[in-house]
Amino acid sequence: MPAHDTTTAKWVRAFRQHLKLQLGLTANTVEAYMADLGKLIDFLRPLHVALPNVQTSQLEDFLHLLSELGIATRSQHRILSGIRAFYRYLLIEGQVETDPTELIDMPKLPKHLPDVLSLEEVDALLAAVDMSKKEGQRNRAIIETLFACGLRVSELVNLHLSDLYRSEHFLRIVGKGRKERLVPISDSALQEIDLWLDERAQWPAKVGEDDYLFLNRRGAHLTRQMIFIMIRDAAQRAGIQKDISPHTLRHSFATELLKGGADLRVIQVMLGHEDIATTEIYTHLDTSMLREAIVQHHPRNIQYAQHQPHHS
């Protein structure tokens, strides 16, 4: 094996261990990092350059190639994030003197404001759950919990009975990178969960699955796909035309908090966002809503409308 390949392989192995053991990332996340790094390795191989010796100009050529290949901006952004994490690791380990990704700008992501649901639409979603089905109450509890706590769907399916601190009105959430946070839970969500727990007692749980809060008919914990299908079905029954997913309820939760006057840092902690920039999308979202509210309800605008001549 050529020297540059040996050096690259050595540091790729070390980085993998760092992600797993030091950062505690999930197997899927680790593999995603390695796949992104693999794309750069493939690009560098014909240049006979080891990863620790890469130059900023070579990384720029790599990103330019991704763009020419038609790789979406969001994917380019993710790939560069993984590569940046690798070089920051090499910097800490003393294998590079400077981070070659430092001077590279992240590809500009298109501004996309996610759909949100109003309180009335959330109520309509709950009302649309088919309560004649065995899993009806479970589904109501899921929708209410997603909206009341702003959980990611992966966090919801991994909720355990032991994560529910009922008397304290908190849920213990294990988020990205195995990071834990406490999230307050509303009385309405607790009520729906209590009704579900009454029914859950009649559902036989599989061995090893008995501590999961939400189970399927076979007594195993739910998958993310099951939650997507259930929410899409309820939205269809409720006549909601928006593009709905479990994440919509998370966005709606954050937007309602912001409208209610919650500080952006508080929302960041509640959502488990590592970077405040991720949370700041809700300021854009809420600005448009505030503008609508001002146009419709500000006394000056109402006064102006009343004094406009009416055309028959």
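Rings of Phe, Tyr and Trp (its six-membered ring) count as a pair if their centres lie within 6.5 Å; planes under 30 degrees apart are stacked, over 60 edge-to-face, and the rest tilted. By that criterion the structure holds eight aromatic pairs. Two of them are tabulated here.

| Pair | Geometry | Centre to centre | Between the planes |
|---|---|---|---|
| F15 and F86 | edge-to-face | 5.2 Å | 80° |
| W196 and W203 | edge-to-face | 5.1 Å | 85° |

The model is a predicted one: local features need pLDDT of at least 70 and side-chain atom pairs count only at pLDDT 80 or more, while totals for chains, interfaces and linings use all residues. Residues are numbered from 1 along each chain as its sequence is written, and side-chain values use heavy atoms, with hydrogens and water left out.

Helices (H or I, at least four residues) and strands (E, at least two) are DSSP runs, numbered from the N terminus. The chain has 14 helices and three strands. Buried means under 20% relative accessible area, exposed over 50%, and partly exposed in between (1.4 Å probe, protein chains only). Of the 312 residues in the chain, 40% are buried.

F15 belongs to helix α1 (residues 3-22) and F86 to helix α4, 71 residues apart, so their pair links distant parts of the chain. F15 counts as buried because its relative accessibility is 1%, and F86 counts as buried at 0%. W196 and W203 are both buried as well. Ring pairs also join W11, F15, Y33, F86, Y87 and Y89 into a cluster.

Helix α3 comprises 13 residues (56-68); at 1.5 Å a residue, it should span 18 Å, and its end C-alpha atoms are 18 Å apart, which agrees. The expected span is 1.5 Å times one less than the number of residues. Its buried residues are Q58, L59, F62, L63 and L66. Viewed down the axis of α3, these fall within an arc of 140°, so they line one face of the helix. The arc is taken over the directions from the helix axis to the C-beta atoms. Exposed residues H64 and E68 sit on the face of α3 turned away from its buried side. Cover for the buried residues includes α2 (27-44) and α4 (73-92), where contact means heavy atoms within 4.5 Å. After α3 comes G70, with a positive phi near 85°.

D163 lies in the loop between α7 (153-157) and β1 (164-165). At 3% relative accessibility, D163 counts as buried. Leaving out residues up to four places away in sequence, D163 touches N158, F170, L171 and R172.
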